[in-house]
Amino acid sequence: MKNTHSFHIPVMGIGFTIDTPLKVAQYGIDSVISLVDDILLEKLRKMYSEKFEMPYKEISNKMDDFRAKRITSYLNLISDLAEKKFEALKNVTIEKSDDIKTYINLLPDGSTLKAEFRKLTENGFNISEIKSWASKNLTMGKIDVNIMTKVDKDNYKNKVKLPVEYNDAHAALRGFAESKLKSSVILSAGMNPRLYAYMSQFDDFYPNEQGEFNKKIILKVSDYRSALIQGKFLAKKGLWVSEYRIESGLNCGGHAFATDGYLLGPVLQEFKEKREELQISIQHILNQELENQGRVVSEKPFSFKITAQGGVGTDEEHEFLLNHYELDSIGWGTPFLLVPEATTVDKKTLDQLVNAKEEDLYLSDISPLGVPFNNLKSNTKDLEKEANIEKGRPGSSCPKKFVSLNKEFKETGICTASREYQYLKIKELEAKQLPEQEHLGALNKITEKTCTCVGLGTSALLAYNLDTKVEGEGVSICPGPNMAYYSKIMSLKNMTDHIYGRDNMITRTDRPNMFVKELHIYIEFLKNKLNDIKEVMSKKEEKYMLTFANNLDEGILYYQNLFMNFVNTFEEIKQTVLTELELGTLALKNIRFEIESLSLIPVEN
């Protein structure tokens, strides 16, 4: 079935899209809720239950399986409330027709629904006709959920380790599986074989006789190989991936999972060329496994969607991705942080985002997951961290412990951003008695970690004036580099009009094309990597760096060919893009020269 819209709103942080479906699902827009923080979900469930006068019974952390139960209850509530809003929208009266008009006006201009509605209303507003048409034709946006597969901490009760199904990601999956939602779980941050095996315990992830799924699986990936490996692994459990969501490795918000220099354009090209091959090879494995399990094998082949996200900023880029790579939808994340009608960001952070320039947005090492993290300078969570360092008490009190995954000092795990971990690590460092510069560098690597699992959810609490006694008021925010080019608060109409080319929300004229921007970020990333290892570069590291540079070179060649041969697209910026690509080639030549000259320097044993 074709989407109502050609864009979706991806998950952002922990709290920024926590209730987005309640704001946009009634208009047919798909969005994603993060399932990291069940404490936050429970606070919002209480708030919304009171607001809409619905019964609320607290699920305390003393209850058995409280995490999964909290998640199920929150998702059921959001589902009920969004459904209610959507039904009210379709239940048109003369006095109450604004919502259905908003639904129609937000649609792309080429939409058949838009044309049908205009035809239906050109001779006046026949309420019963419109009601009947709306109930047959309008669809609600999907309420999808995101699970970071690696955030799967072991849990304990009375100091006894609980079975693996009580791990954080497992409990989140169960919470979704047992909810009433008919939607998808997006699995991000790489492969977790135990979690994938656990999915096979829930019938909702299997097809019925009509080949339909109650719950679908979406894989977020950065390259084709990852999609193929994970798709096959899941198929061997009898599970089908209904969408491959391709995200730029570095030109994105939040955690950045860099590829080995594979750029978004060539990656999308590979998916386009191998789409059928991917479908056939995985379907074959799946059918065999479904037969082995004695389950229904659908006569018609399953389909999957291919979507992309990361750094898209203009309607021309949006249309090009959809048409050239034959994609099903494009994710627009970062700009939506400036749309209060869609996302939940506190006033102070909104103001910081509005004023953010390129130099304020950077790829940091602050995440306790040890993965590069797109960050905004001077966010209040980092200021809080720096104040703790000044006081001589580095680290967070770690009130939520969702990322307590490091087992260096404790079998139960500690978070690398916590005071406990940093205290032990600094003690260990001091015992080494390193030279001053080396010591300061190592110290900074320990103390730069920020308590993001709290900081990324606090904004929602502040936005709704909820209690932050446990969390504190520090907010972490993770926009992509694209934020630099948006500098005002926008309405939902502003943003959808921008996506569909009916308006332009970018006031600056110097925004680089998304492919060029991603290339620059990758070259910068490679330079920083080289700086980190150039004192003592091993043969393995040298090989990695050269492979990375070669992959970027191939990406540049691909783009040069693409921009020279697409006459009707990107006409105004074509020459600028080709010049930037040439500069990219030169930068890589210099990097390669430096790598090769370093490899000639003998390394002392």
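1. Asparagine 192 sits in the loop between β6 (184–188) and α8 (193–199). Helices (H or I, at least four residues) and strands (E, at least two) are DSSP runs, numbered from the N terminus. The side chain of asparagine 192 reaches the backbone oxygen of threonine 149 at 2.9 Å. That is a polar contact in the sense of a pair of N or O atoms within 3.5 Å; within protein, one must be able to donate a hydrogen and the other to accept it, and residues adjacent in sequence count only if both atoms are side-chain atoms. Not counting residues up to four places away in sequence, asparagine 192 touches Thr149 and Asp152, where contact means heavy atoms within 4.5 Å.

2. A word on the basis: this is a predicted model, in which local features need pLDDT of at least 70 and side-chain atom pairs count only at pLDDT 80 or more, while totals for chains, interfaces and linings use all residues. Residues are numbered from 1 along each chain as its sequence is written, and side-chain values use heavy atoms, with hydrogens and water left out.

3. Staying in the loop between β6 and α8, have a look at alanine 189. Its phi is near 75°, a positive value in a residue other than glycine. Most residues other than glycine have a negative phi. Alanine 189 is buried, with a relative accessible area of 12%. Asparagine 465 also has a positive phi, near 55°, and is found in the loop between α16 (452–463) and α17 (492–499). Asparagine 465, however, counts as exposed, at 71% relative accessibility.

4. The largest nonpolar core has 166 residues, and Leu35, Leu138, Phe205, Phe271 and Phe336 touch the most other members. Helix α18 (residues 514–533) gives the most to this core, with 11 residues. A nonpolar core is a set of buried Ala, Val, Leu, Ile, Met, Phe, Trp, Tyr and Cys residues joined through side-chain atoms within 4.5 Å. Leaving aside neighbours within four places in sequence, phenylalanine 271 is in contact with Val221, Asp223, Tyr224, Ala227, Tyr244, Ile246, Leu278 and Ile306.

5. The side chain of threonine 343 reaches the backbone oxygen of phenylalanine 336 at 2.7 Å. Threonine 343 lies in the loop between β10 (329–331) and α12 (347–355) and counts as buried, at 2% relative accessibility. Beyond residues up to four places away in sequence, threonine 343 touches Met12, Phe16, Thr17, Thr20, Lys23, Phe336 and Leu337.

6. On charges: side chains of opposite charge can pair when their charged atoms come close. A salt bridge is taken as a side-chain nitrogen of Lys or Arg within 4 Å of a carboxyl oxygen of Asp or Glu, and the count comes to 38 salt bridges. One of them joins arginine 45 and glutamate 42 (3.0 Å, N to O). These two are 3 residues apart in helix α2 (residues 38–51), so about one helical turn separates them; both are buried.

7. A pair that spans more of the sequence follows in this point. Arginine 275 and aspartate 328 form a salt bridge (2.9 Å, N to O). Because arginine 275 lies in helix α10 (residues 264–292) and aspartate 328 in the loop between α11 (315–324) and β10, the pair ties together parts that are 53 residues apart in sequence. Arginine 275 is partly exposed at 22% relative accessibility, and aspartate 328 is partly exposed at 28%.8. Lastly, the helix pair α3 (residues 66–90) and α7 (residues 168–177) packs at an angle of about 35°, with axes 7 Å apart. Axes are lines fitted to C-alpha atoms, for helices over the stretch in contact, and angles run from 0 to 180 degrees between N-to-C directions. Among the residues that meet are Arg67 in α3 and Asp168 in α7. Arg67 and Asp168 also belong to a network of salt bridges with Asp38, Arg70 and Lys153.

Notes:
Buried means under 20% relative accessible area, exposed over 50%, partly exposed in between (1.4 Å probe, protein chains only).
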